[in-house]
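Dear colleague,

I am handing over a structure that I would like you to look at, with the sequence and the coordinates below. My notes on what was found in the structure follow directly after.

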Amino acid sequence: VKRDLEALTAREHDLLVVGGGIHGAAAAWDAAQRGLAVALVERRDFGSGTSWNSLKTIHGGLRHLQRLDLAGVRESIRERRALLRIAPDLVRPLPFLVPLRGHGLQGREAFAVGLRLYDILGLDRNRGVASDRQIPAGRILSRRDVLARVPGLSGDRLAGGALWHDAQVVSSERLLLAFLHAASAAGAVLANDAEVVGWLRAGSRVTGARVRDGETGIERDVPARLVLNAAGPGAGPLLRLAGIERPAIPLLRAVNLVLGRAVVTEAAVGGWSAGRLLFVVPWRDRSIVGTGYFEAEIDVVSAAAAFFDDARRAFPFTRLDVEDVTLVHQGLVPGRDGGASLWTRSRLIDHGKEDGVPGLLTMVGVKYTTARALAEEAVDVVVARLGRRLPPCRTSLTLLAATRPPGATLEDQVRNAVREEMARRLTDVVLRRLDLGTAGPPETATVDTVARVLAAERGRDEAWIEAERQDLAAVYEPAVRIADRMTGRR
Ligand SMILES: Cc1cc2nc3c(=O)[nH]c(=O)nc-3n(C[C@H](O)[C@H](O)[C@H](O)COP(=O)(O)OP(=O)(O)OC[C@H]3O[C@@H](n4cnc5c(N)ncnc54)[C@H](O)[C@@H]3O)c2cc1C
């Protein structure tokens, strides 16, 4: 995967994808695999937006059952299956356990019916999935069984537990890069640090984009027959730039807390806070608690501090201490009802049809889990608009290679991350290529080595290194500040 800005302008692409989050990456791979000439531009780093902040759960859609959205359940089950099939090295089943107390929607009876229905809806959930990646049927556990599985859990009013399996992506960054490697191998032209700052137009039609190189400031015209806006929370501003004044998609700020210790080990455990079901999820030798939703305008530290209180209420058995928090995940996700609740289903907008601006499509994605499916829907429309006869989508069946930058030493791996995977900044290497700081701050010696090799590769000086170090430190800052705030240190 090489950054070649000249290749962006060298021809008219069939499709220009704007945004290198999971939705853009999946779309670039799908379109390139079907045989389209594809370019993708990302203003910062691939996967550095909302996609970097996931709870890592590949949802099977049980939540959709609450709203009787059976199509939503089926889509999630299909997509969980697709990811277990195409990325077995990165995605694996994970048990989820919700302790049940009392009756009603949070009680044993409702969950028993729900799990049975869910099982029936997911009868084909393991088709084509390797035997060690299969999802067993859900079931109701006895009170005793729940207490044995969750040490320290209160037995007060405990009636039993609901147990089902979803999947977990061990490294959401590497899975996203796996999509991009596949896209690149199929001929897609990819560039990070390349921001869309304007549209090319022929009358009302969008015919490409003006792309600014973040390093030199040079702007280039990238012509394309169709453009797919996959800019996540950046999608709205891009539409306004195109003169599309549809009501803005309200955004919510979603927050997770990464903990420095494993407070659960075998299963993700559910807990209620203010009527919402939260989960504490085992991840590597740690845990992540998620997900809290707040208005978009709230500052991250306030959101994280409020969510810490929620988490403590939901999971008293974990004895959460604010010093446990090593990293705060936060990102903007689509909301509805003016931002009062989460948007539940992804949506493709064809601006030719809906806004009189042909040539432009937008993906409004709500889950990492279903990104591949929304990408398929988008590329189906792209192929139809281009009037091409191409093979159908195969991304749900094609194995993705789970690679890493090779090298016997950290130095070699950093060099390869720069040369082969377009890593440009310290955060790119530490957070998204070599997985050195994904769970909390890396060792100073590690950062020193990465910074030194990276600067040498990229011909940068000490001042650059210092600025990069500060950018990296800022990633961990909210975790430090909530501890300060809650312990009254500041
Ligand atoms: C705390 C949290 C927990 C979550 N947990 C889960 C989970 O467990 N499971 C799950 O399935 N989903 C989860 N999600 C949701 C999931 O992370 C998102 O739905 C998904 O990552 C969105 O991907 P995206 O590609 O649409 O957006 P993004 O990842 O934000 O990608 C958009 C990209 O576009 C780029 N961009 C923007 N403007 C421009 C421009 N002008 N030019 C070029 N590039 C541009 C941005 O830099 C960005 O990289 C979670 C989200 C959050 C915040």
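Predicted model: local features only at pLDDT ≥ 70, side-chain atom pairs only at ≥ 80, totals over all residues.

As to the overall fold, the protein has 15 helices and 18 strands. Its radius of gyration is 23 Å, close to the 23 Å that the globule rule gives for 490 residues, so the protein is as compact as a globular protein of that length. The C-alpha trace spans about 65 × 50 × 45 Å along the principal axes, and buried residues account for 56% of the 490 residues. Of the contacts between residues at least 6 apart in sequence, 72% join residues at least 24 apart.

Searching the whole structure for aromatic pairs gives four. In one of them, the ring centres of Trp164 and Phe279 are 6.2 Å apart with the planes at 90 degrees, so the pair is edge-to-face. Because Trp164 belongs to strand β6 and Phe279 to strand β13, this pair ties together parts that are 115 residues apart in sequence. Trp164 is buried, at 5% relative accessible area, and Phe279 is buried as well, at 7%. The rings of Phe315 and Phe317, with centres 6.3 Å apart and planes at 85 degrees, also form an edge-to-face pair, and both residues are buried. Finally, ring pairs join Phe96, Trp164 and Phe279 into a cluster.

Best regards

Definitions and conventions: Residues numbered from 1 in each chain as written. Heavy atoms only, no water. Helix = DSSP H or I, 4+ residues; strand = E, 2+ residues; numbered from the N terminus. Rg over C-alpha atoms; globule rule 2.2 N^0.38 Å. Buried < 20%, exposed > 50% of the residue type's maximum accessible area, 1.4 Å probe, protein only. Contact = heavy atoms within 4.5 Å. Phe/Tyr/Trp six-rings, centres within 6.5 Å; stacked < 30°, edge-to-face > 60°.
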